[in-house]
Amino acid sequence: MVTIHRQQLLSLLSSKLAPQLVQDYCPNGLQVEGKAEIGKIVTGVTASQALIDAAIAAGADAILVHHGYFWKGEAACITGMKKRRMQSLLQHDINLFAYHLPLDVHPELGNNAQLAALLGIEKAQALLSVQPEGIVMQGRYPTARPLSEIVAALQDALGRTVLSHSAGPHLVQQVAWCSGGGQGYIDAAAADGAELFISGEVSEQTIHSSREQGIHFIAAGHHATERYGVKALGQWLANETKVAVEFIDIPNPA
């Protein structure tokens, strides 16, 4: 079995994702230290108990996620749910690696880049009025199309029903998007001339922005829009290191 040392894996991930360039709400990198030699990596969206249990069953030495622990502003005490998660990791000597915004914005493996590829959006580039660069992307469909056609294609690609709001009869060619909880960027997308904004979540005020600025809106699911970055990162790791990597999806309707 091919293995990689924990520190070598950390260095490889840091070199690829450059977390030091992004100010984030959580620590990026190795969050919980486990065994030194890693022969099996499980990737997933969130380091939930269900993912940890699945990783233990799969014989993982490390878990690599988009949503890890130690978020800014959360209680620091290791009790209840957090204690049980940590206990599972420590008892089985499993490393936990997490990359949040660095994985969202990565131009090749990031959630936004992967979502563009999934949807067939061309000429994808960062919306430069929003920081960090790459947190909101913009691009074009090859030809203008009705919102209903985009919704149908998105539902087919993601395997779930999405929430959509039409802001009028106009077709869509120019589109902006932000995976996950990016609904607040709809105003920046509208100011840039986007005809459609896609995010993972929706807030009450998002629909008013859509109506009043004439920009279509789709909320496709936080989890659903953020499966693809960590999956692509795992595939890249497997190619680079030849270490066994398995993506495990823990379904989440949000």
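Visitor: How do helix H5 and helix H10 pack, roughly parallel or roughly perpendicular?
Guide: Please keep in mind that this is a predicted model. H5 covers residues 111–119 and H10 covers residues 227–241, and their axes lie 7 Å apart. The packing angle is about 100 degrees. Angles of 65 to 115 degrees count as roughly perpendicular, so H5 and H10 are roughly perpendicular.

Visitor: How many charged residues are in the contact of H5 with H10?
Guide: From H5 come Asn 111, Gln 114 and Leu 118, and they meet Tyr 228, Gly 229, Val 230 and Ala 232 of H10. Sorted by class, this contact has four nonpolar and three polar residues. The number of charged residues is none: there are no charged residues in it.

Visitor: Which residue in E11 is the bridge partner of Val 175?
Guide: Strand E10 (residues 172–178) pairs with E11 in the parallel sense, over four bridges. With helix H7 (residues 186–191), these strands make a right-handed β-α-β unit. Val 175 has as its bridge partner in E11 Leu 196.

Visitor: Through which helix does the chain cross from E11 to E12?
Guide: E11 and strand E12 (residues 216–219) run parallel, joined by four bridges. Ile 198 stands opposite Ile 218 in E12. The β-α-β crossover from E11 to E12 is right-handed, and its helix, residues 204–213, is H8.

Notes. Residues are numbered from 1 along each chain as its sequence is written. This is a predicted model: local features need pLDDT of at least 70, side-chain atom pairs count only at pLDDT 80 or more; totals for chains, interfaces and linings use all residues. Side-chain values use heavy atoms; hydrogens and water are left out. Axes are lines fitted to C-alpha atoms, for helices over the stretch in contact, and angles run from 0 to 180 degrees between N-to-C directions. Helices (H or I, at least four residues) and strands (E, at least two) are DSSP runs, numbered from the N terminus. Angles under 35 degrees count as roughly parallel, over 145 as roughly antiparallel, 65 to 115 as roughly perpendicular and the rest as oblique. Contact means heavy atoms within 4.5 Å. Ala, Val, Leu, Ile, Met, Phe, Trp, Tyr, Cys and Pro count as nonpolar, Asp, Glu, Lys and Arg as charged, and the others, Gly among them, as polar. Two strands pair if DSSP finds at least two bridges between them. A crossover is right-handed if, with the strands pointing away from the viewer, the path from the first strand over the helix to the second runs clockwise.
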